[in-house]
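Please read these notes with the model open beside you. They take the helices and the sheet in turn.

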Amino acid sequence: MICKELHASSGPERPEAGKSASAFAKNQHISIDGRFGFWDNLGVLEIRVQKNIPFLSWIAGTQLGHLEQQVLREMWSRGNATVRELMETENIKLAYTTIMTTMDRLYKKRLLDRVVEGRAYRYFPRHTPDEMQRVAALEGIRQLLGSGETSSLPLSYLVEALSEHDAQLLDELQVLVERKRQELQKRGQS
Amino acid sequence: MFALRGIAVSLTLFWLSYCALSVLVAYGWRYLDRLRNLPPRVVASLLFAARILPFALSLAGTLVFAAPSFVWLEPRGTDEEIGVAPLLLGICCLAFFAVGLTRVVRAQTSTSRVISSWLRGARALDVGTPAPSFQASSSVPPLTLAGVCRPRLLFSESALALLSPDELRCAVRHEVAHMKFRDNLKKLALQFAWFPSMRNLEKAWQHAAELAADDDAVSNANEALDLAAALIKLSRQLPNQPLPVISMGLVQDGALSVRISRLLNWKESSSGSARKFRWFAVPSLVAILLTTAAVYGPLLAQTHEVTEWLVR
C-alpha cells in the first residue's frame, strides 16, 4: 500500500507544528505505543499495544483538555520553555499558576519532559507532533478494527478506503511524473 | 569422548554467542540513524551485514577460537564427562541448524514450484538481460527475478503491454541490479540464519536493497522518471499470486511511495557512490585480522578457560 510519506519530497520530513497539532487535537485518545525513528519511514514501524511496554503505558485512555492542547502546541512551536517564558507569549494569556499546573499535568502524563533550571523547570516536548499524530491515527485504526461484530467487516472498509486512497495518490503521482517530464523537455530545448 | 566433548563445547559457545549477538542486533539496529545519509547501496550492505553478523561472528568465533582452543589446550587423557548445560545447549544448536536447513530447503522448493507453475505455457523473451527472460500470464506479479543459481526474469503479459520501451528497459535494469547484488542469495542466507525479532531489520534491508537497485537502474533524470512511471503503472496491477520467498519483485515493497518520490527528485548526486566506502572496509578488515593474529595465543587460552567453565 502507498503510505502517507508519498508527498514527502525526499526522506523523512516533520510536518508543521501547528498543522499537526490541530490534527492531533481532533484525536484525543492515545493508547498505542510506537517507537519512531528514521526506519519508520522505510515502512518498518513497530507498533505494540501499551500493555506490553512500560513506556507510555499510562497514556491509555488519557484525554487532553483544551488548555493542555494549547500548551502542548505552544511547546511544539517553541521547542522548550519555562513557565514564565510561556506566560510571555501572545498565544497564552493565563495566570502563572494555571500554566504551571497544566505543564506539570502534561509532565505527569509524560507528554513533556523537564530539567531544573535555577529555581524553576525548563520543559521539553517528549514527542513530536508527527509522532503523536501517528499514535492517534493508529489508535483510531485499532478502534475501527475492533468495532464490528465480525472482525473482517471493518477491515474490508479500511482496505476499500485505502485502495481508493492509493488510486488517487497514484493518479497524483502520475501527474507529477508527466509535469516533471515536460519540465525536463523544456529545459532540454532551451 | 574427547571429540564429542569438543563438539558439545563448540556448539554451546556458538549457540550462546549467536543468541546474545542476535538479541543485541535485533534491538540495537534501530539506533543506526546515521545511516540515513549514506547511499542506499551502502545502507543495504550495512543492514545485511548487521543481520548476518551474529551468525558470521559466532561461526568465526567457534571455528577460529573455540574449536582450536579445545583441540590444543584440553588434556586428552582426562575422562571428564559432558555437563548437562553444554549437552542441552549443544542440542539446541543442532536444532537451530536443522531448522535453518529445513527453512532453506522449504523456501527453495516452494520457490521452484511456484516458478515452474508460472513458466508453464510461458514464452521465452529476448530482452538482452544476463538471465533468461520469460513472458508469463497476466495473473503473475508484473516483474519478478527468481532463483539463486540460475536466476530467471519473469514478465507478466500486462506488464509488457503497459510499459513503454524506455520504462521497460529501466524496470529490467532494476531487476538486473538485484541479480548483480545477489539479493536472492542473501534472502536464502537469511532463511538459514533465522532468529525471532529480526523481521523489521530484514524489511529495512529489503527496502534499502530496492532503493539501491533503483539507483543502479537509472543514470539520469529521464530514466528516473521512466522507472517512476513504470512503478506507478505496475503498482496499479494487483497480482493474483504472491511472490515466492526467494524472489525480488519490482513493486513488492510496502514503502513504494518513498521510492517514487526519490525518483521524482532524482539528481546526479542523489544516488551517491558506494565505491569510496570500500576503502574504509578493506583497511578495517585488515586491521581486525592483524589484531586477531597478534593476540591469538592469549585469546585462545582465555577461550579455553571459558570452555572449561562451561564443561563443569
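1. The expected span is 1.5 Å times one less than the number of residues. Helices (H or I, at least four residues) and strands (E, at least two) are DSSP runs, numbered from the N terminus.

2. This is a predicted model, in which local features need pLDDT of at least 70 and side-chain atom pairs pLDDT 80 or more, while totals for chains, interfaces and linings use all residues. Residues are numbered from 1 along each chain as its sequence is written, and chains are lettered from A and ligands numbered from 1 in the order in which they are written.

3. Buried residues in α5(A) include A:P129, A:M132 and A:R134. Buried means 20 or more other C-beta atoms within 10 Å of the residue's own, exposed 12 or fewer, and partly exposed in between, with C-beta atoms placed from the backbone.

4. Helix α7 (residues 199–217) of chain B reaches 27 Å from first to last C-alpha, close to the 27 Å expected for its 19 residues. Of these 19 residues, 15 are buried, so α7(B) is mostly covered.

5. Chain B has an open sheet of 5 strands in the order β1-β2-β4-β3-β5, with mixed pairing. Its edge strands, β1 (123–125) and β5 (247–249) of chain B, each pair on one side only. Two strands pair if DSSP finds at least two bridges between them.

6. Strand β3 (residues 143–146) of chain B pairs with β5(B) in the antiparallel sense over 3 bridges. B:T144 stands opposite B:G249 in β5(B).
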